[in-house]
Amino acid sequence: MDDFRHQPVLLQEVLALLNLHPGARVLDGTVGGAGHARAILEATAPDGQLIGLDRDPRAVQQAREQLACFGARCRIEQANFSDAGAVLCREGWAGVDAMLLDLGVSSHQLDSAGRGFSFRQEAPLDMRMDQSQGLTAAELVNQADVEQLAQIFKKYGEERWARKIARRIERVRQLQPIRTTTELATLVQETVPGGLVPARIHPATRVFQALRIAVNEELAHLEIGLARALNLLNPGAVLAVISFHSLEDRIVKNLFRAEADPCVCPPRLPLCCCGKQKRVEILTRRGVRASEQEIADNPRARSAVLRAVRRLAV
């Protein structure tokens, strides 16, 4: 297996927000290349523990190899972070002192031949995080009707030419199925106005993002996982989330704000009647972004936004 090449994004900012200490129990819900996990284990030495989760079995295997030097302090499981509660229960953990979610696709997944996440190299149009489950991107592209495809491209990719692309896909697949990343990327490039003109952002970028999100049901898992995550935090524990596009960030920001709001009564009521208690304190009012130096060293950090909350004792 090729090594996971992972440069953790916003590493120092994450460590500062998580406020780690020796003996802490930490959940890394998206362990990926294990860059954040390694730093967390070092910061919680000598007896801190970490459970790492990932949907991708290749990431799980690689993380176990990368973190083997920490012995029993670290356990890596194949699971979606939305199922973290069941994993913690099996491990005998009642809660965690810190939790990190680094969302999106890893650099290794983008670069791995055969995964189908990237339009920069020819590969089967797969895009599944866990290749043992669910529809592939090719099956979705070739089976969904025009309305479904247009909705996916518009909702998950915020693609201006969603319907135009969906109609072109329908015409092409009537002649032969669309099977590879380059076939789809070329189709999009030839369909959108100005698509053949060289640009900093490839015209297929939003379509590929949308398909990946749809295939892996990423936003649904994020909404469920975030809501459940707050219940797993010990009082005083911090949940930190790194997102890489506006759809993810909006979900994170809105949920954090809702949980930090002590009242949901209509504004016209003179007194609070809802009885709601705020569960968290927001630690990042505007979201934390990478420095110019980090972006220069790691261009993937350009779109990253870090948000964090602290669980209150309620």
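**First stop: a charged pair**

Select R115 and D56 and show their side chains: the two meet in a salt bridge, 2.9 Å from N to O. Salt bridge here means a side-chain nitrogen of Lys or Arg within 4 Å of a carboxyl oxygen of Asp or Glu. You're looking at a predicted model, where local features need pLDDT of at least 70 and side-chain atom pairs count only at pLDDT 80 or more, while totals for chains, interfaces and linings use all residues. Residues are numbered from 1 along each chain as its sequence is written, and side-chain values use heavy atoms, with hydrogens and water left out.

**Zoom out: two domains**

Now colour by domain: 11–108 plus 219–311 for domain 1, and 115–217 for domain 2. These bounds come from an automatic or database domain assignment. The C-alpha centres of domain 1 and domain 2 sit 30 Å apart.

How many residues of domain 1 are in contact with domain 2? The count is 14 residues of domain 1 against 13 of domain 2, with contact meaning heavy atoms within 4.5 Å. The area buried between domain 1 and domain 2 is about 1,200 Å², and carbon and sulfur atoms give 48% of that. Buried area is the accessible area (1.4 Å probe) that two parts lose on being put together, summed over both.

Across this interface of domain 1 and domain 2, the rule finds two salt bridges. It also picks out eight residue pairs in polar contact, both residues at pLDDT 80 or more. A polar contact is a pair of N or O atoms within 3.5 Å; within protein, one must be able to donate a hydrogen and the other to accept it, and residues adjacent in sequence count only if both atoms are side-chain atoms.

To see the domain 1 side that touches domain 2, select helix 3 (57–66), helix 11 (218–232) and helix 12 (246–260), the elements giving two or more residues to it. Helices (H or I, at least four residues) and strands (E, at least two) are DSSP runs, numbered from the N terminus. The residues on that side of domain 1 divide into five nonpolar, five polar and four charged. Ala, Val, Leu, Ile, Met, Phe, Trp, Tyr, Cys and Pro count as nonpolar, Asp, Glu, Lys and Arg as charged, and the others, Gly among them, as polar.

**Next: D249 in helix 12**

Stay on helix 12 and pick D249. R307 forms a salt bridge with D249, the closest N and O atoms being 2.6 Å apart. R307 lies in strand 7 (residues 305–311) and D249 in helix 12, so the pair ties together parts 58 residues apart in sequence. Is D249 buried or exposed? D249 is buried, at 11% relative accessible area, and R307 counts as buried too, at 7%. Buried means under 20% relative accessible area, exposed over 50%, partly exposed in between (1.4 Å probe, protein chains only). Leaving out residues up to four places away in sequence, D249 touches S243, V305 and R307.

Then go to D126 and R128, whose salt bridge has its closest N and O atoms 2.8 Å apart. D126 is buried at 9% relative accessibility, and R128 is buried at 13%. A search of the whole structure finds 12 salt bridges.

**Last stop: helix 2**

Finally, select helix 2 (residues 35–43), whose buried residues are G35, H36, A37, A39, I40 and L41. Show what these buried residues pack against, including helix 1 (11–18), strand 1 (25–28) and strand 5 (233–243).
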